[in-house]
Amino acid sequence: MSPLFKKLKNNIGLDQEDEKDDEENEDEEDYDNEDEEDEKPDRKEKKKKEKRGKNRHEEKRDKKQEEWPESKGRLAADIYETETDFCIQAPIAGVNQEDIEIFVESNVLVIRGERTESDSTPEKKFFHKECYWGPFSRQTMLPDDVNTQRIVASFKKGILVIKIPKKKEEKRKISIEMS
């Protein structure tokens with residue numbers, strides 16, 4: 001796995017989640033082993049443990065919601081790298097180029113915009129509705145080895161492509177001082 005994808009995985013908390021889930025599973029196994037030893041487990045104690053487990057999951061969910069900015073509508077995107085660039089490709093149908101905002105803040109690339117419904121007839125009776133209308137956004141952690149000053153974006157046929165050039169490794173000769 002490339003360092004870029006390891007960093008992205010770590011930044012969204014997947015590694016930490018896996019560790020916490022493993023710890024919780026170990027606690028549950030210990031509790032199950034205790035139950036096998038005691039033929040009549042105390043029901044009150046079991047309910048307390050279940051309640052504590054639910055609270056942990058709720059705390060995890062709340063913590064995740066606090067860490068990431070809330071987005072109104074999620075923008076789908078493909079994120080990949082080439083030899084020279086870190087790239088983000090996102091289909092954004094029904095939006096004008098002027099209605100899309102792209103910026104970098106604290107090493108996070110943010111794409112924001114709004115998709116407005118062209119026909120706002122109130123008498124519509126939908127059989128099935130999948131299209132999202134309204135504001136949308138997408139945040140992506142950038143790796144450390146990119147040049148955020150040279151970002152290039154293009155928007156053709158409803159596809160947004162953002163290319164962030166990688167920093168070139170500089171070789172520097174180090175001289176040895178005579179003592």
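**Figure 1. Salt bridge between Arg112 and Glu101.** In this predicted model, Arg112 forms a salt bridge with Glu101, with the closest N and O atoms 3.7 Å apart; a salt bridge is defined as a side-chain nitrogen of Lys or Arg within 4 Å of a carboxyl oxygen of Asp or Glu. Arg112 belongs to strand β4 (residues 108-115) and Glu101 to strand β3 (residues 100-105), so the pair ties together parts that are 11 residues apart in sequence. Helices (H or I, at least four residues) and strands (E, at least two) are DSSP runs, numbered from the N terminus. Arg112 counts as partly exposed at 39% relative accessibility, and Glu101 is likewise partly exposed, with a relative accessible area of 40%. Here, buried means under 20% relative accessible area, exposed over 50%, and partly exposed in between, with a 1.4 Å probe and protein chains only. Residues are numbered from 1 along each chain as its sequence is written, and side-chain values use heavy atoms, with hydrogens and water left out. Because the model is predicted, local features need pLDDT of at least 70 and side-chain atom pairs count only at pLDDT 80 or more, whereas totals for chains, interfaces and linings use all residues.

**Figure 2. Salt bridge between Lys166 and Glu81.** The structure holds two salt bridges. One of them joins Lys166 to Glu81, the closest N and O atoms being 3.1 Å apart. This pair links distant parts of the chain: Lys166 is in the segment after β7 (159-165) and Glu81 in strand β1 (residues 78-81), 85 residues apart. Lys166 counts as partly exposed at 23% relative accessibility, and Glu81 counts as partly exposed at 30%. Side chains of opposite charge can pair when their charged atoms come close.

**Figure 3. Surroundings of Arg74.** Arg74 is found in the loop between α3 (43-67) and β1. With a relative accessible area of 59%, Arg74 is exposed. Not counting residues up to four places away in sequence, Arg74 touches Ser137 and Arg138, a contact being heavy atoms within 4.5 Å. Arg74 and Arg112 are 38 residues apart in sequence and 9.8 Å apart in space, C-alpha to C-alpha.

**Figure 4. The open sheet of four strands.** The strands follow the order β1-β2-β7-β6, with antiparallel pairing; two strands pair if DSSP finds at least two bridges between them. β1 and β6 (152-156) stand at the edges, each with a single partner strand, so one side of each is left without a neighbour in the sheet. From one strand to the next, the twist averages 15 degrees; axes are lines fitted to C-alpha atoms, for helices over the stretch in contact, and angles run from 0 to 180 degrees between N-to-C directions. Within this sheet, seven bridges join strand β2 (residues 85-91) to β7, and the two run antiparallel. Ile88 has Ile162 in β7 as its bridge partner.

Figure 5. β4 and β5 pair in the antiparallel sense over eight bridges. Val108 stands opposite Met141 in β5. Strand β5 (residues 134-141) is mostly covered, seven of its eight residues being buried. Across the protein of 179 residues, 22% count as buried.
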